[in-house]
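Take a look at the model below.

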Amino acid sequence: MKLKPEVQKEIMSRQEQQLKQILKLMSGKDRKDLTDFLQSGQAPGSKAFKKLKANVQKNILKMNITSVEIIIKRSRNPFTKLRYLLAKISYNGLLKTTIKEQEKSRKKK
């Protein structure tokens, strides 16, 4: 789907803000992994995504959820809204499993 320039601009500015906040909180290796994944253009749920640490996965999913929310808010087509609502639901499901995995790894330590 081709997005309007103002929607793309809003998504980019929101993601840049989130990325700045996230990078402040991350360590060196996690920061490198995050930037490498974002530059590679891989999708959440891919093999490369599953190899990342849980906190990096969580931050990537949060960034994708905010971009999907912006698209839902700006879209007028009901089918497009439904399509992105389903994407949001699947991202939230991935986020919940990532958080559970992160909690399990903390309990092991």
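**The whole chain**

The model is a predicted one. The chain holds five helices and zero strands. Along the sequence, the pattern reads α-α-α-α-α. The C-alpha atoms fill a box of roughly 50 × 25 × 20 Å along the principal axes.

How much of the chain counts as buried? Of its 109 residues, 36% do. The accessible surface comes to about 7900 Å². Carbon and sulfur atoms account for 55% of that surface. Now take the contacts with a separation of 6 or more: 56% of them join residues 24 or more positions apart.

**Helix 1**

Helix 1 covers residues 5–25, which makes 21 residues.

Next, look at which residues are covered. The buried residues of helix 1 are Val7, Glu10, Ile11, Gln15, Gln18 and Ile22. Seen down the helix axis, these buried residues fall within an arc of 120 degrees, so they line one face of helix 1. An α-helix has 3.6 residues a turn, so residues three or four places apart point the same way.

What does the buried face pack against? The buried residues of helix 1 pack against helix 2 (28–40) and helix 4 (54–74). On the other side of helix 1, the exposed residues are Pro5, Lys9, Lys20 and Lys24.

Helix 5 runs over residues 78–108 and includes Leu86. Gln102 also has its place in helix 5. The table sets out their accessible areas.

| Residue | Relative accessible area | State |
|---|---|---|
| Leu86 | 53% | exposed |
| Gln102 | 12% | buried |

The cut-offs explain both labels: buried means under 20% relative accessible area, and exposed means over 50%. Leu86 has 53%, so Leu86 is exposed. Gln102 has 12%, so Gln102 is buried.

Which residues touch Gln102, leaving aside its neighbours within four places in sequence? Gln102 is in contact with Ala54, Asn55 and Lys58.

Leu86 belongs to a nonpolar surface patch. Leu82, Leu86 and Ile89 make this patch, which has an area of about 310 Å².

Notes:
Residues numbered from 1 in each chain as written. Predicted model: local features only at pLDDT ≥ 70, side-chain atom pairs only at ≥ 80, totals over all residues. Heavy atoms only, no water. Helix = DSSP H or I, 4+ residues; strand = E, 2+ residues; numbered from the N terminus. Expected span 1.5 Å × (residues − 1). Buried < 20%, exposed > 50% of the residue type's maximum accessible area, 1.4 Å probe, protein only. Arc of directions from axis to C-beta. Contact = heavy atoms within 4.5 Å. Patch = residues over 30% accessible without salt bridge, like charges linked within 9 Å, V, L, I, M, F, W, Y side chains within 5 Å. Areas by Shrake-Rupley, 256 points an atom, 1.4 Å probe, with all protein chains shown as cover. Salt bridge = Lys/Arg side-chain N within 4 Å of Asp/Glu carboxyl O.
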